[in-house]
Structures are given as structure tokens and as C-alpha cells.
Amino acid sequence: IHNGTLTNTEELLMGLGGRMMKTNSDSEVLLNVFAEDIAQSITSNPGSDMEKVAFDAATKTMKKVRGAYSVITMINQVGLFAFRDQNGIRPLVIGQRKAVDGSDRDEFCVASEDSAFGPLGFSRVRDVNPGEAILITPDGRLESRQCVNGKISPCIFEYIYLARPDSMLNGISVYEFQLELGRRLAKRIKDRCEDDEWEIDVVVPVPDGSRPSAIEIAQCLELPYREGLVKNRYVGRTFIMPDQRTRELSVRRKLNAMRSVFNGKKVLLVDDSIVRGTTMSQIVQMCRAAGATKVYLASSAPPVKHPNVYGVDMPSREEFVAHNRDEEGVCDLLGADGLIYQTVEDMLQAGRGMNSQIERFDASCFDGDYVSGDVDESYLDALSGAGRGKGRKGASAPAR
């Protein structure tokens, strides 16, 4: 299992020699790099303890591989092995419970989010550190090694859109982070109301991820909060769907606006983020059709202007509604009466205020600053040309 995306896939492929790849997936490349390093460790140190071999191989792999990777794999007769990139871009967390057979033995598990632990009876132990590998042996021991030096720089988009609100990532509650985004955004919305730019009757979230921020905004502004958009639970997230036509059709099936909430009202719609604008422009039309007299938009996240190259399939800047547009231009395109975004500074301050040990977040999709240090214009151009989803021609830029 590989969560993330590598940024030097072509370079790694050239170093694999005769190994045959069956796909264009960077996850297959990562698997083969790790397998090759295990094989070489066994060859150079015959008879070595296999646990040591696994950790030595992980160290070699992590020194070669760039980008984002949180990995969980099974090694025959060794155990469940997991490791995380040196920047800790994608999450990885360890859980623990008493053995279900009634013995005093502990059992461990690994997941991207600790929200997976509760239903299985596990409790959170800690995050896997950046650059660390851990091993859960067949007899239930938990072993670990710091394979390379690491410094935590997690992707902040995890907290905005990807993670569940009941998760704790890198010492930060996703729910509390989203509430803080709402508080900070409410201050700026209040300024617009006081300047008579906006007059709001009701706050409505775009389900589901915007609810914590919307609740906090409504409370801070002393306005009613209403669930005016009913979600079809059987339609997935639209912004990661492979083409524009599919996204547009899915939006229509995904949400329905309740006339009893919108009719005759000046509405503030709150969304967790606005990426392509496909969903939001149609929601604005839905609200007007349901009787809204004004539709204002608030995004808990700053404008998305740059590709997220570390594991979210949004590679082309031209696809983003905020590309080469200011706030007013985006508002006009979406057909809204007003638009306000979170600022990058407020978003980063919200995160740092909840874990002072995180000096830097990867906020590259907002500010274009890529934490791995190897992403430049030529890489982004190659990524954009490769396409999206199943039709993608390749997962990385040419080696350099």
C-alpha cells in the first residue's frame, strides 16, 4: 500500500535494470526498488537476520526515493513493514490493542488515519516519524528504526479536504483545525458585512467537509446555520473524477437544494475548498433556482493555484478556477454575488498554532512551494502533459 506520489520515478526506473514493470504506477516502481534493495542486502550479507535486512533495505530505498510515500507492506516470514518519507508529507499512524484471544499480548496495526482504529478496538499510539520504518513481527513485537533524518512537513490539504474530521494527524485534530479555519474566515466576512458589502440571512455548508468551518462561521457572525443542500451518499467526490463531463453529471446527481431553506434568502455558502469550480458553479445555480436572492461564497481554503504533486490527482494549473484569475474574476465565473477565500497566512498560522513543532507545512497547491525541493517548471510541464487518472501516460517528469 502506497499513499503518495514519487517525484523521481523515471530516475528510479533506470536504476532497476532488468526488472519488468507491468504498469505506469509509481507504486509499482517503489515496490520494485524496495524489493531490489532487500535482494541486494541478502546477497551482500548472506545469513543476516531478516529483520536487519528489511531495515537496511528501507534505509537504502529512502535515500534514493523522492516525493511523498507512506508505505505498508508484508514481507514473508518477517512481518508487516511500514515506512514514511523524510518530510512526513502523507500521514501514517500506529495503533495498539490487547490480543483478541484474551492473552496479555499486545497487537499493533498501521493506518493513514487513527479514525480507523476505534471500530477495530485499537487505540492510537503515535505517528510514524518522518524517515522512520517500523516492523510488526509475526509474534507481535513492534520494532522501529530511524532510517534517514526527517523533519515533519505534512501536506496541509489533508486537514482541509482529505482526512476525516475525527482523525488526529501529526498531533493536530482535523476537526479543531477546520473550526479554527472557520473562526479566522468569519473575522474577514464580518468586515465585509460591516462595510455593507454583504448582507447575509443564513449560512449553509456544502456537505460534507465544510460543516465544521460553516458552523463556526455562523456562530461567530450570530447567524442561523441551516443544512440546505442534501447530499446523495452514492456519488463520490467530483473534483477527482477523470473528465469534465463526468464531473458535471455527477454534481447534478450529488446535491439537491431545499427550497424551504433558500427561498427569499441571502445565503452564505461555505465550502472547504474550490478547486476547478465545476461543483460550485452548479451549486450556485441550484441555490438561485431554489429561490435564493443572493448567493455569497466562502472558501475555508485559499485559492488552489498549483498542482498537488504528492498524491492528489490534480496535475494541471489550467484546470483550476483560480488560475490567472483574481477573487473578482473567480466570483464572476462562478456566478456568485460575492466570494471570499481564506488567506494562506491564516491557514498556516492555524496549523502551527496547534502543533508548534511543525515549522513548515507543505502548502504547495496554494503557494507553489514544494517541500521536497525537486519540483520545478519542467517537472510541472511534464506532469501536466502526462494527463489524468487512468489515461495518464506517466507518473513523473523525465530524470534530471
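Guide: In this predicted model, helix H2 (residues 26–44) packs with helix H3 (residues 50–64) at an angle of about 130°, and their axes lie 8 Å apart. The crossing in which H2 passes H3 is right-handed. On the H2 side, the contact is made by Leu 30, Val 33, Phe 34, Asp 37, Ile 38, Ser 41 and Ile 42. These meet residues of H3, namely Met 50, Val 53, Ala 54, Asp 56, Ala 57, Ala 58, Lys 60, Thr 61 and Lys 64. Sorted by class, the contact between H2 and H3 comprises ten nonpolar, two polar and four charged residues.

Next comes the sheet. Five strands make up an open sheet, ordered E1-E2-E3-E7-E8, with antiparallel pairing. Its edges are strand E1 (2–3) and strand E8 (142–146); each has a single partner strand, so one side of each has no neighbour in the sheet. E1 pairs with strand E2 (residues 70–75) in the antiparallel sense, over two bridges. In that pairing, His 2 has Val 71 in E2 as its bridge partner.

Both helices pack on this sheet. H2 touches E1, E2 and strand E3 (79–84), and its direction makes about 50° with that of E2. H3 touches E2, E3, strand E7 (132–136) and E8, and the direction of H3 makes about 35° with that of E8.

Key: Residues numbered from 1 in each chain as written. Predicted model: local features only at pLDDT ≥ 70, side-chain atom pairs only at ≥ 80, totals over all residues. Heavy atoms only, no water. Axes fitted to C-alpha atoms, helices over the stretch in contact; angles between N-to-C directions. Helix = DSSP H or I, 4+ residues; strand = E, 2+ residues; numbered from the N terminus. Left-handed = near helix turned anticlockwise from the far one by under 90°. Contact = heavy atoms within 4.5 Å. Nonpolar A, V, L, I, M, F, W, Y, C, P; charged D, E, K, R; others polar. Pairing = 2+ DSSP bridges.
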